[in-house]
Amino acid sequence: MHRRLFLKGLGVIGVASSVVLPKIAFAGDMLDPMGSKLAGSLYYTKDAPGRWKGKEETHVPMIERSGNSIEVTTGHEMDGYVHYIIKHILLNENLEFVEETLFNPEIDAPISEHDITGLNNRLYMVSLCNKHDAWLNMLTL
Ligand SMILES: [Fe+2]
């Protein structure tokens with residue numbers, strides 16, 4: 001029997017369309033990473049600091065916009081390679097990588113500047129600490 005006819009006969013084709021629904025719901029959840037249940041476990045935010053509660057002030061990247069650029073600051077110490085901010089990562093509204101700034105903890109402060117020309121609606125910034133993981137913030141454009 002032809003495979004497609006066989007599957008249709010079993011009603012599998014109808015089942016396949018309903019299987020897509022959870023995937024769509026998951027995608028929607030990922031497009032709101034600030035409210036996702038991954039916040040507080042896989043990464044951290046001001047409102048979901050998870051196991052790092054109390055570290056919000058020194059790890060959430062603060063974003064200031066000036067025209068088509070942003071300045072990002074993490075109010076974190078740079079204690080050599082012992083404890084420092086490794087990088088800032090800029091993501092677009094679809095959580096796609098745009099660019100990153102790597103820091104040398106022996107000479108840099110955890111401050112970066114980014115051109116946001118071409119970004120729409122919102123952007124996300126990740127600040128990565130070598131001890132306290134990844135912290136996410138968002139800016140609505
Ligand atoms: Fe830290």
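Predicted model: local features only at pLDDT ≥ 70, side-chain atom pairs only at ≥ 80, totals over all residues.
1. Setting aside residues up to four places away in sequence, His-83 touches His-59, His-76, Glu-77, Met-78, Cys-129, Asn-130, Lys-131 and His-132. The residue is found in the loop between S2 and S3, and the side chains of His-83 and His-132 are joined by a polar contact of 3.1 Å. Is His-83 buried or exposed? With a relative accessible area of 10%, His-83 is buried, because buried means under 20% relative accessible area.

2. Several of these residues return at the metal site. Which atoms coordinate the iron ion? They are NE2 of His-59, NE2 of His-76, NE2 of His-83, SG of Cys-129 and ND1 of His-132, at 2.1 to 2.3 Å. Along the sequence, the donor residues follow the spacing H-x16-H-x6-H-x45-C-x2-H. His-83 lies in the loop between strand S2 (69-73) and S3, whereas Cys-129 lies in strand S6, so this pair ties together parts of the chain that are 46 residues apart in sequence. Cys-129 counts as buried, at 4% relative accessibility.

3. The strand S6 that holds Cys-129 also belongs to a sheet, which is open, has four strands in the order S4-S3-S6-S7, and is paired in the antiparallel sense. Why is one side of S4 and of S7 left without a neighbour in the sheet? Strand S4 (97-102) and strand S7 (133-140) stand at the edges and have a single partner strand each, so one side of each has no neighbour there. On average, neighbouring strands of this sheet are turned by 20° against each other, direction ignored.

4. The pairings within the sheet can be followed one at a time. Strand S6 (residues 122-129) is joined to S7 by eight bridges, and the two run antiparallel; in this pairing Arg-122 stands opposite Thr-140 in S7. S3 is joined to S6 by six bridges, again antiparallel, and here Ile-89 stands opposite Val-126 in S6. S3 and S4 pair in the antiparallel sense over five bridges, with Leu-91 having Phe-97 in S4 as its bridge partner. S3 is also mostly covered, since six of its seven residues are buried.

5. Phi of Leu-95 is near 65°, which is a positive value in a residue other than glycine. Most residues other than glycine have a negative phi, which is the reason for pointing out such a value. Leu-95 is partly exposed, with a relative accessible area of 25%.

6. Asp-133 is found in strand S7, and at 25% relative accessibility Asp-133 counts as partly exposed.

7. Another pairing involves S2 and S5, which pair in the antiparallel sense over five bridges; the bridge partner of Thr-73 in S5 is Ile-111.

8. Which residues does Thr-101 contact, leaving aside its neighbours within four places in sequence? Thr-101, which is found in strand S4, is in contact with Ile-86, Lys-87, His-88, Ser-112 and His-114. The C-alpha atoms of Thr-101 and Ser-112 are separated by 6.5 Å, with the two residues eleven residues apart along the chain.

Terms used
Residues numbered from 1 in each chain as written. Heavy atoms only, no water. Pairing = 2+ DSSP bridges. Axes fitted to C-alpha atoms, helices over the stretch in contact; angles between N-to-C directions. Buried < 20%, exposed > 50% of the residue type's maximum accessible area, 1.4 Å probe, protein only. Donors = N, O, S within 2.8 Å, 3.2 Å for Na, K, Ca; no water. Contact = heavy atoms within 4.5 Å. Polar contact = N/O pair within 3.5 Å; in protein donor to acceptor, adjacent residues only side chain to side chain.
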